[in-house]
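This report walks through a few places in one protein chain, with the sequence and the model shown just below. Please keep both in view while reading.

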Amino acid sequence: MNYHRYYPLDVVNGPGTRCTLFVAGCEHHCRGCYNQSTWRVDSGQPFTRQEEDRIIADLNDIRIPRQGLSLSGGDPLHPANVTAVLQLVKRVVSECPEKDIWLWTGYHFQWLTAAQREVTRHIHVLVDGPFIESEKDLSLKWRGSRNQRIWYLRQAREP
């Protein structure tokens, strides 16, 4: 898996202060997408164990409490990303159980493959559906267009 950006401190992509990872690879190619540079799976830079370790360290840094991890892109559920994303979310759940995980995908929840569904078993919130420019609504919280849905899948454990 490749990624474009990692923000150790983010207050835009989900509730509270978070770590946010923007992965490479998206086959939806939504008209009006704000992040077209992430569409190619071979763009960005390789996501390594070192980057994964950094995310875990940042989530566990008590000097700057973070509510959780946000995964966006590109598309974290793109077939080229599923294995690495699954490994990351399992590790976050294991090593940072009080943190929540939000994931944005252009795929519809009900049509996810078995591998994509396995990822959703370990996350807390899924925002699904492609961005549709004609349904763009800047007043929506955590979504860009009215067709996108927020699925609350599980709760994080309290510390």
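Leaving aside neighbours within four places in sequence, which residues is Gln116 in contact with?

## Gln116 and its surroundings

Once those sequence neighbours are set aside, Gln116 is in contact with Leu77, Val82 and Tyr107, where contact means heavy atoms within 4.5 Å. The model is a predicted one, in which local features need pLDDT of at least 70 and side-chain atom pairs count only at pLDDT 80 or more, whereas totals for chains, interfaces and linings use all residues. Residues are numbered from 1 along each chain as its sequence is written, and side-chain values use heavy atoms, with hydrogens and water left out.

Gln116 belongs to helix H3, which covers residues 114-120; helices (H or I, at least four residues) and strands (E, at least two) are DSSP runs, numbered from the N terminus. With a relative accessibility of 4%, Gln116 counts as buried, a word that stands for under 20% relative accessible area, while exposed stands for over 50% and partly exposed for values in between (1.4 Å probe, protein chains only). Although Gln116 and Pro79 are 37 residues apart in sequence, their C-alpha atoms are 8.0 Å apart in space.

Helix H1 (residues 49-60) packs with helix H2 (residues 82-95) at an angle of about 30°, and their axes are 11 Å apart. Here the axes are lines fitted to C-alpha atoms, for helices over the stretch in contact, and the angles run from 0 to 180 degrees between N-to-C directions. The two helices are therefore roughly parallel to each other, since angles under 35 degrees count as roughly parallel, over 145 as roughly antiparallel, 65 to 115 as roughly perpendicular and the rest as oblique.

On the H1 side, the contact is made by Arg49, Glu52, Asp53, Ile55, Ile56, Leu59 and Asn60, and on the H2 side by Gln87, Leu88, Arg91, Val92 and Glu95. Sorted by class, the contact of H1 with H2 has five nonpolar, two polar and five charged residues. In this sorting, Ala, Val, Leu, Ile, Met, Phe, Trp, Tyr, Cys and Pro count as nonpolar, Asp, Glu, Lys and Arg as charged, and the others, Gly among them, as polar.

## Cysteines without a bond

How many disulfides does the count come to? The count comes to zero, where a disulfide is a pair of cysteine sulfur atoms within 2.5 Å. For Cys19, the closest cysteine sulfur is that of Cys96, and because the distance is 8.6 Å, it is too far for a bond. Cys19 is buried, at 0% relative accessibility, and Cys96 is also buried, with a relative accessible area of 0%.

## A strand and a loop

Asp100 lies in strand E5, which covers residues 100-104, and counts as buried at 10% relative accessibility. Asp100 and Arg18 are 82 residues apart along the chain, yet their C-alpha atoms are separated by 9.3 Å.

Leu140 sits in the loop between strand E6 (125-128) and strand E7 (149-152), and Trp142 is found in the loop between E6 and E7 as well. Leu140 is buried, with a relative accessible area of 18%, whereas Trp142 is partly exposed, at 22%. Not counting residues up to four places away in sequence, Leu140 touches Ser145 and Arg146. Trp142, a residue other than glycine, has a positive phi value, near 70°.
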